[in-house]
Amino acid sequence: SYRHWNEDIEPVIYYEAEKFRNISVDLVIAKSLGTLIATKAYESYSFKTKRAVFIGNPLRRLIPEYVELLDHFANTVPILFIQQTSDPKGSYRQLESITQRYELCNTVEVSGNDHLYNNFDELKSIIKSWVNLSTT
């Protein structure tokens with residue numbers, strides 16, 4: 001769990017990303033703030049992954065530094081971005097306008113407007129299909 005879940009503090013991406021120092025995985029699945037943490041860990045703490053699934057990307061927090069980090073990550077690691085049509089943290093169209101420049105990435109739209117992503121069967125199906133395609 002993240003420190004800010006248990007304490008009354010603002011999330012600190014650098015603090016959370018450091019926990020992934022020198023870790024290697026085949027697939028990372030991250031949601032919301034976790035997408036920022038995974039991206040920072042990849043860039044600054046030698047976190048390695050062969051593929052990533054980013055769900056509910058918090059576009060409202062996309063500061064210029066993060067866009068640069070995302071550029072590096074998305075140009076070297078295949079990423080499946082999943083975003084609700086009207087996610088209050090950033091819509092599918094907003095995300096697609098950023099991700100369309102990444103050759104290794106796919107962006108999928110799911111219905112919704114609450115940033116919850118609790119349509120687990122649909123998400124599981126989307127992710128399984130993409131993982132199967134990206135391993136062939």
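This is a predicted model: local features need pLDDT of at least 70, side-chain atom pairs count only at pLDDT 80 or more; totals for chains, interfaces and linings use all residues.
**Reading helix packing and aromatic pairs**

Student: At what angle do the axes of helix α3 and helix α4 cross?

Tutor: Two packed helices are described by the angle between their axes and by the distance between those axes. Here the axes of α3 (residues 33-44) and α4 (residues 64-74) come within 9 Å and cross at roughly 70°, which makes α3 roughly perpendicular to α4. In this crossing, which is left-handed, α3 passes α4.

Student: Which residues of α3 meet α4?

Tutor: On the α3 side they are T35, L36, A38, T39, K40, Y42 and E43, and they meet E65, Y66, L69, L70, H72 and F73 of α4. The residues of this contact divide into seven nonpolar, three polar and three charged.

Student: How many aromatic pairs does a search of the whole structure find?

Tutor: A pair of aromatic rings is described by the distance of the centres and the angle of the planes. The search finds four such pairs, and one of them joins F20 and F47 edge-to-face, at 5.7 Å centre to centre with 70° between the planes. F20 lies in the loop between α2 and β1 and F47 in the loop between α3 and β2, so their pair ties together parts that are 27 residues apart in sequence.

Student: Is F47 buried or exposed?

Tutor: F47 is buried, with a relative accessible area of 3%, whereas F20 counts as partly exposed at 32% relative accessibility.

Methods:
Residues are numbered from 1 along each chain as its sequence is written. Side-chain values use heavy atoms; hydrogens and water are left out. Axes are lines fitted to C-alpha atoms, for helices over the stretch in contact, and angles run from 0 to 180 degrees between N-to-C directions. Helices (H or I, at least four residues) and strands (E, at least two) are DSSP runs, numbered from the N terminus. Angles under 35 degrees count as roughly parallel, over 145 as roughly antiparallel, 65 to 115 as roughly perpendicular and the rest as oblique. A crossing is left-handed if the near helix is turned anticlockwise from the far one by less than a right angle, and right-handed if clockwise. Contact means heavy atoms within 4.5 Å. Ala, Val, Leu, Ile, Met, Phe, Trp, Tyr, Cys and Pro count as nonpolar, Asp, Glu, Lys and Arg as charged, and the others, Gly among them, as polar. Rings of Phe, Tyr and Trp (its six-membered ring) pair if their centres lie within 6.5 Å; planes under 30 degrees apart count as stacked, over 60 as edge-to-face and the rest as tilted. Buried means under 20% relative accessible area, exposed over 50%, partly exposed in between (1.4 Å probe, protein chains only).
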